[in-house]
Amino acid sequence: RVHLSPAGTLAATLYGMPHLVNNRIINRRFLTMFLESTDWGHSWKLKSTIPYYPDMRADAEWDARDGFTEPQIGYLPGGSLMCLLRTTDGNGIGPLYAAYSQDGGSSWSQPKVFDQFGVWPQLLTLANGVTLAAYGRPGLFLRATSDPAGRHWGRRVTVVPPLKVGHDTCSYSDLIALSANEALIAYSNFNIPGEDGKPRKTILTRRIEIP
C-alpha cells in the first residue's frame, strides 16, 4: 500500500487502533491514516486522517461498525487523490466508501458510499486515462471510469460471480498495468476443480483490455 506520488514522494495508508477522543474515550476501533515520506521511506509523517463518517441511510449497522478499514488510494488523471474505504466487519456486509483529496492528501472530502459492499479494494489508473477499481465480497467485480476526477463510474463487471450458498472468493485482488490500455488482475476463486474434480481455492489472473 505504498505509492509514488506525482510529486515524487512516497504515500501510504494504514488503519490503526484505537481511535481515541481526548485520549480517553474509544470512539471507533480503527482510524484510517494517510502518511507521507520525503526520504524514500526512511521516515514517515502523518499527513491526515479520514475519520469514520457513515451514511446512516445506507447502512443499518452504521453505529456498530469498527470504522473505516483497508484504505486504498489512487492518484487520478485530474490531479486529485481518491481513497476507497471498507466497512464490512463482524456485523455483516457494509458499504464501500470513497473520499477525495484536492491537496495531495492534506485534507479529505466527506466519505460517500461508492457501492453497497467491498473489501480490500484496488485502484489503478492506466496511461490512457481510464481508472479501474476492483472489489467484492461477495464475489469480485471491476468498475471503470474515464472521468479524470473519478466521480462518475460505469457499471460493475463480474470477475467471480457471487454465490448464495458456499464460498466464491476472498475478494482480495491486485491490479497491474500491462500497457496504456491493458491491465492484469490477480484474484482467487474457491471453486476451480482440481485433478480429483473437487473444488479448490485457486489463484488466477486475467487480462483486462480497455477498448
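Modeller: Gladly! Let's start at Pro 138, which sits in the loop between β12 (131-136) and β13 (140-145). Please keep in mind that this is a predicted model, where local features need pLDDT of at least 70 and side-chain atom pairs count only at pLDDT 80 or more, while totals for chains, interfaces and linings use all residues. Residues are numbered from 1 along each chain as its sequence is written, and side-chain values use heavy atoms, with hydrogens and water left out.

Biologist: What makes the peptide bond between Arg 137 and Pro 138 stand out?

Modeller: That bond is cis, with omega at about 5°. Arg 137, in the loop between β12 and β13, also has a positive phi, near 90°, in a residue other than glycine. Most residues other than glycine have a negative phi, and most peptide bonds are trans.

Biologist: Why is Arg 137 called partly exposed?

Modeller: Its relative accessible area is 28%. Buried means under 20%, exposed means over 50%, and partly exposed is what falls in between, with a 1.4 Å probe and protein chains only.

Biologist: Where is Ser 171, and is Ser 171 buried or exposed?

Modeller: Ser 171 lies in the loop between β14 (157-160) and β15 (173-179). Its relative accessibility is 0%, so Ser 171 counts as buried. Although not a glycine, Ser 171 has a positive phi of about 75°.

Biologist: How do you know how many helices and strands to count in the chain?

Modeller: They are DSSP runs numbered from the N terminus: helices are H or I runs of at least four residues, and strands are E runs of at least two. On that basis the chain has 0 helices and 17 strands.

Biologist: What makes you call the chain as compact as a globular protein of its length?

Modeller: The radius of gyration, taken over C-alpha atoms, is set against the globule rule, 2.2 Å times the number of residues to the power 0.38. The chain has 18 Å, close to the 17 Å that the rule gives for 211 residues, so it is as compact as a globular protein of that length. Its C-alpha trace spans about 55 × 40 × 35 Å along the principal axes, and buried residues make up 46% of the 211.

Biologist: Let's look at some side chains. Which residues does Thr 87 contact, and why is Thr 87 called buried?

Modeller: Thr 87 has a relative accessible area of 1%, so it is buried. Its place is in the loop between β8 and β9. Contact means heavy atoms within 4.5 Å; leaving aside neighbours within four places in sequence, the partners of Thr 87 include Tyr 52, Arg 65, Phe 68 and Tyr 97.

Biologist: What makes the pair of Thr 87 and Pro 95 a polar contact?

Modeller: A polar contact is a pair of N or O atoms within 3.5 Å; within protein, one must be able to donate a hydrogen and the other to accept it, and residues adjacent in sequence count only if both atoms are side-chain atoms. A polar side-chain atom of Thr 87 lies 2.6 Å from the backbone oxygen of Pro 95, so the distance is within that limit.

Biologist: And what does the side chain of Asn 91 reach?

Modeller: The backbone oxygen of Ala 64, at 2.9 Å. Asn 91 is in the loop between β8 (81-86) and β9 (96-101). With a relative accessible area of 34%, Asn 91 is partly exposed. Beyond its neighbours within four places in sequence, it touches Glu 61, Ala 64 and Arg 65.

Biologist: Why is Asp 66 counted as buried?

Modeller: Asp 66 has 17% relative accessibility, so it falls under the cut-off and counts as buried. Asp 66 is in the loop between β6 (45-50) and β7 (69-75). Not counting residues up to four places away in sequence, it touches Arg 28, Arg 29, Phe 30 and Asp 89.

Biologist: Where does Phe 30 lie, and is it buried or exposed?

Modeller: Phe 30 lies in the loop between β4 (25-28) and β5, and at 12% relative accessibility it counts as buried. Among its contacts outside four places in sequence are Tyr 15, His 19 and Asp 66. Phe 34, in strand β5 (residues 31-37), is buried as well, at 3% relative accessibility.
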